[in-house]
Amino acid sequence: MTEQKHNRSQQLSTEGLDPEWYAAHYTDVADAGMDPLEHYLRFGRAEGRAPSQRAWELNKLAHEAFDPKWYVAHYSDVADTGMDPLEHYLRFGRAEGRAPSQRAWELGELAHEAFDPKWYAAHYSDVADTGMDPLEHYLRFGRTEGRAPSQRAWELSELAHETFDPKWYAAHYSDVADARIDPLEHYLRFGRVEGRAPSQRAWELGELAHEAFDPKWYAAHYSDVADAGMDPLEHYLRFGRAEGRAPSQRVWELGELAHEAFDAEWYAEWNPDISGTDLTSTQHYLRHGRYEGRAPTLQLERAKVYNRKRSGANQSSARKLIPKNMLIRFPITKKYLSTLEFCTRTDPQVSVIILSYQRPDLVENLIKSIWLYTSNVKYEIIVVDNGSPLGTHELDTAFANYIKYIKLEHNIYIGDAYNIGVESSSSEYCVLMNNDIVVQPNWLSTMFELMIADETVGVVGPKFLYPDDTLQEAGALIDSSGYSIQLGKRNDETLPEFNIRREVDYVTGATALFRKDLYIKNFGYSWKWAPGYYEDADLCFSIRAQGFKVIYEPASVVYHLESITMSEMPPSENLSAAVAANRLKFVKKWSGVLNKEVNLRSSACHKRVYGLSSTGNPYKSRETKGGVGVYLPYGISPGGGENYILSIAQCLTTLNRVALVFNSRQSSLRVLSVLTDLNIDLENFDIVLLQDAEKADFDIFIALGNELFPSLKGLGKKSYYICQFPFDTRFEELNSRFEKGLHLTYDGYIAYSNYSRKYILENSAMWSFSPRVTVINPAVHSIGPIEGYAPNNNIIGVGRFFVGGHNKRHDKLIEAFRTLEKLNTANKIHEDITLNLAGAVHPDLRHREHLSRLMSIAEDANINFYVDVGRRELEELYQNAKVYWHAAGYGVDPAYRPEVAEHFGITIVEAMSAGCVPVVIGVGGPTEIVRHGLNGYVISSAHEMAEVTFRILRDWNSNEMKLIRQAAIETARGFSFERFCKEIKTLLEKD
């Protein structure tokens with residue numbers, strides 16, 4: 001007893017328990033009738049209770065970031081009391097509502113600053129257009145967008161960001177004096193838009209941001225930056241900083257540590273294995289340890305052990321480890337490698353393509369299982385690293401001579417990454433595999449023999465098991481709602497019904513054997529399903545629609561660790577939302593088949609098949625000189641810019657072979673798919689990386705860009721720069737291009753419209769540069785109305801769903817439609833009116849969330865969304881509509897934000913060609929197409945859009961409306977491909 005008391009007293013002194021304070025502060029202790037010390041040791045400590053007032057105060061302080069210097073300076077009476085600032089705050093200040101730091105004070109001031117609804121609505125004119133209460137708008141959108149709640153807050157914000165120094169500004173930017181404009185006027189009209197600094201302090205901060213910025217790390221860490229086609233620094237300054245992204249790895253690591261207590265010395269001592277790496281403790285924890293479940297401090301290690309004991313089970317870490325029974329354990333020795341009879345890099349029968357991201361351990365385990373259990377079929381292994389961050393996907397050097405390794409610069413999502421692997425393969429059959437697979441004996445030979453024996457089999461899939469030997473999938477079906485039914489899931493895999501070879505709807509893409517020619521003919525895994533899910537089902541349905549079977553082969557067995565790689569994906573990907581969106585998209589595409597209304601074999605799409613070799617790589621080194629080069633800096637998707645430059649390529653393909661030049665590797669199947677969607681007939685082309693194109697010396701070179709000056713020199717004997725619009729660009733970047741004289745290596749500029757040309761010339765004048773700008777309106781495919789067919793009361797709006805820039809303002813179309821529904825209800829003219837919104841969506845999360853918001857505000861209205869529709873379906877939507885709506889540039893004053901307006905309006909012309917009456921916002925390029933009251937209507941508000949549309953539908957059969965429809969069709973004919981080619985060739989023939 002004496003020894004026990006001694007031990008308890010020793011613990012008491014060590015942990016600083018104050019029994020009186022503990023009992024008074026935690027009243028339930030007295031209710032329990034327990035001794036305070038006993039309660040603390042048995043329960044309190046585990047529950048995180050404080051042993052004393054001092055410990056409690058320090059804990060509270062840890063959450064309040066107390067700044068003693070600021071506290072004394074801000075509250076002058078504290079010094080008069082002679083008390084320690086922390087003691088004063090804990091005893092009096094907190095109770096009196098005083099702030100513990102300047103940051104807390106500023107936030108408190110903001111929280112108490114009165115919201116001014118009148119000023120907010122007047123200052124942000126688009127708020128009134130939404131029909132929302134100003135306060136509701138501010139709380140739901142304005143605050144996250146950085147809008148000010150009142151004039152005072154706005155002035156303080158402006159002052160904080162723009163303390164203007166006219167003398168410094170004029171001295172630093174010498175062209176200001178040359179322009180003979182007051183420095184402040186110059187800054188407000190031009191300098192701010194161009195990214196110039198208002199003062200030396202702002203310039204120094206900008207330089208500091210530039211110096212601390214690591215573009216390579218930023219692009220690698222944030223994979224969506226490359227997808228946006230922007231310079232990393234530009235992306236950071238325009239979006240990343242506001243989104244809280246880090247400019248460099250060091251800043252990211254410091255930011256991560258700010259949220260996580262970390263003990264570097266303890267971590268190194270506790271994890272001796274890191275001594276064999278070249279990483280510091282901090283680097284190892286942030287790059288590996290955190291995901292492996294390692295604790296950053298001793299306290300958290302103890303807490304982890306305690307929680308594990310208390311729950312009676314191991315808790316899973318963020319990174320899922322390979323189950324022990326799935327590990328393939330054998331040393332990779334030279335002797336073993338010499339026995340690999342069927343793994344080859346020459347003349348393989350099958351190409352095994354493994355997609356991976358950040359998990360080399362999974363890849364190595366899979367390859368070992370393939371080596372161990374694959375026989376009777378010669379195969380090659382291709383590993384596609386889908387943009388893993390630097391240093392996170394290092395394979396053992398022993399694998400190097402036995403695989404083909406493709407490192408992609410950034411994550412291009414599942415479909416395109418697999419497509420690149422297929423295009424790089426050397427055989428007529430391809431197995432596509434996730435990295436979280438472990439194969440079993442004869443897995444490949446059983447599938448391959450089936451496909452060789454039956455020419456009607458297009459796809460074969462294995463039996464998938466879980467690591468606990470229960471069945472994961474014996475083939476799959478899809479119900480009428482688009483939900484996948486994995487046959488036999490969680491059943492006994494030995495049951496007879498799961499060991500019968502059968503035809504199925506599709507097989508999971510985690511492991512599937514394809515005929516390569518069918519894969520290519522159908523453009524592979526479509527980019528339209530990015531970031532992932534349903535690309536495998538869609539491809540299987542397409543192959544079945546062409547008369548081929550999709551077969552489940554039970555003799556082929558693999559273990560699937562199911563989505564183990566998804567633990568590596570950033571939470572921002574929000575894949576669950578993508579799955580839900582893709583399910584709806586799949587149902588819309590295949591609804592007739594799913595509802596048994598259409599025979600799948602009769603629903604085959606007749607796709608143009610290009611001459612892509614079934615065993616060749618489409619990428620060319622471009623060692624031969626000459627030909628035509630067209631440069632697409634932002635990758636490829638079915639947008640207006642791509643449509644324009646690819647139409648030029650189609651014009652010139654009759655003169656010489658065309659090279660499509662990209663900054664980074666693109667899937668050629670994606671290129672072919674986009675060509676089809678854009679109705680571009682481009683038979684004779686190569687795909688070339690910029691690094692190779694720079695040596696090509698083209699006869700003709702055309703570059704596309706969104707900046708006043710091109711980003712690269714002209715690479716042809718004749719070079720032209722298509723400036724879509726001179727968007728805001730960081731001054732230092734523009735100045736760098738200007739000083740390099742890149743613009744002088746081009747024979748001239750090409751603009752889509754007179755609207756674009758006007759602003760190209762205005763902005764160029766600021767640089768004392770006067771380019772030769774030729775306006776050539778885009779070529780627009782003429783659809784034509786259906787003879788004798790009366791379209792329904794449908795309205796259509798077409799445009800990509802995205803945020804920022806010149807977005808298509810679908811929100812205004814939805815608002816106008818709700819007004820139109822009210823008009824129709826009040827007047828009872830039409831039975832049903834429908835708004836169809838069609839367009840592509842970028843897989844980046846912020847754009848998908850934007851689409852989700854639009855769908856949310858369109859709820860309960862007769863509005864349909866057609867996301868990533870094919871060309872044929874889009875044409876049917878046009879032909880079945882009476883009115884076309886276009887709202888890009890809504891509420892914009894071109895004098896201040898000209899880039900936000902539509903620059904031309906290809907979809908407007910497409911709709912007119914189908915017989916739709918266009919109703920468009922009167923800003924930008926559309927005013928060059930639509931003549932009010934003659935071939936359509938130009939309006940200025942959502943309410944006017946609704947009223948004009950109501951009259952169009954009411955008077956649809958009147959002579960006036962017939963004349964307007966005919967005039968619209970005639971206008972569209974003036975934008976023919978033949979006219980476009982003639983103007984392009986005329987320009988290029990000039991000296």
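Reply: Start with burial: a residue is called buried when its relative accessible area is under 20%. Keep in mind that this is a predicted model.

Me: What is the relative accessible area of Tyr169, and is Tyr169 buried or exposed?

Reply: Its relative accessible area is 0%, so Tyr169 is buried. This residue is found in helix 14, residues 166–172.

Me: Which residues is Tyr169 in contact with, leaving aside neighbours within four places in sequence?

Reply: Contact means heavy atoms within 4.5 Å. Tyr169 is in contact with Phe164, Val176, Pro183, His186, Tyr187, Gly191, Arg196, Ala197 and Pro198. Take Gly191 from that list: it is 22 residues from Tyr169 along the chain, and their C-alpha atoms are separated by 9.6 Å.

Me: Where does Arg979 lie, and is Arg979 buried or exposed?

Reply: Arg979 lies in helix 43, residues 977–989. Its relative accessibility is 17%, and because the limit for buried is under 20%, Arg979 counts as buried. Not counting residues up to four places away in sequence, Arg979 touches Ile776, Asn777, Pro778, Ala779 and Gly974.

Me: Now the rings. How many aromatic pairs are there?

Reply: Two rings pair if their centres lie within 6.5 Å. The count comes to 40 aromatic pairs. One of them joins Phe514 and Tyr519, with 5.5 Å centre to centre and 75 degrees between the planes, which is edge-to-face. Phe514 and Tyr519 are both buried.

Me: Why is the pair of Tyr534 and Phe586 called tilted?

Reply: Planes under 30 degrees apart count as stacked and those over 60 as edge-to-face, with the rest tilted. The planes of Tyr534 and Phe586 are at 45 degrees, so the pair is tilted; the ring centres are 5.4 Å apart. This pair links distant parts of the chain, 52 residues apart: Tyr534 is in the loop between helix 29 and helix 30, and Phe586 is in helix 31. Tyr534 is buried at 11% relative accessible area, and Phe586 counts as buried at 0%.

Me: Which residues form one aromatic cluster?

Reply: The cluster is made of Trp168, Tyr169, Tyr173, Phe709, Tyr721, Phe731, Phe738, Tyr746, Tyr749, Trp767 and Phe769.

Me: Which ring does the charged end of Arg490 sit over?

Reply: It sits over the ring of Tyr466, 3.6 Å from the centre. Arg544 lies over the face of Phe541, at 4.8 Å from the ring centre.

Me: How many bridges join strand 23 to strand 24?

Reply: Four bridges join these strands, which run parallel. Tyr884 has Pro918 in strand 24 as its bridge partner.

Me: What span should helix 38 have?

Reply: At 1.5 Å a residue, its 13 residues should span 18 Å, and the end C-alpha atoms are 18 Å apart, which agrees. Buried residues in helix 38 include Leu845, His847 and Arg848.

Definitions and conventions
Residues are numbered from 1 along each chain as its sequence is written. This is a predicted model: local features need pLDDT of at least 70, side-chain atom pairs count only at pLDDT 80 or more; totals for chains, interfaces and linings use all residues. Side-chain values use heavy atoms; hydrogens and water are left out. Rings of Phe, Tyr and Trp (its six-membered ring) pair if their centres lie within 6.5 Å; planes under 30 degrees apart count as stacked, over 60 as edge-to-face and the rest as tilted. Buried means under 20% relative accessible area, exposed over 50%, partly exposed in between (1.4 Å probe, protein chains only). Helices (H or I, at least four residues) and strands (E, at least two) are DSSP runs, numbered from the N terminus. A charge sits over a ring if NZ of Lys or CZ of Arg is within 6 Å of the ring centre and within 35 degrees of the ring normal. Two strands pair if DSSP finds at least two bridges between them. The expected span of a helix is 1.5 Å times one less than its number of residues.
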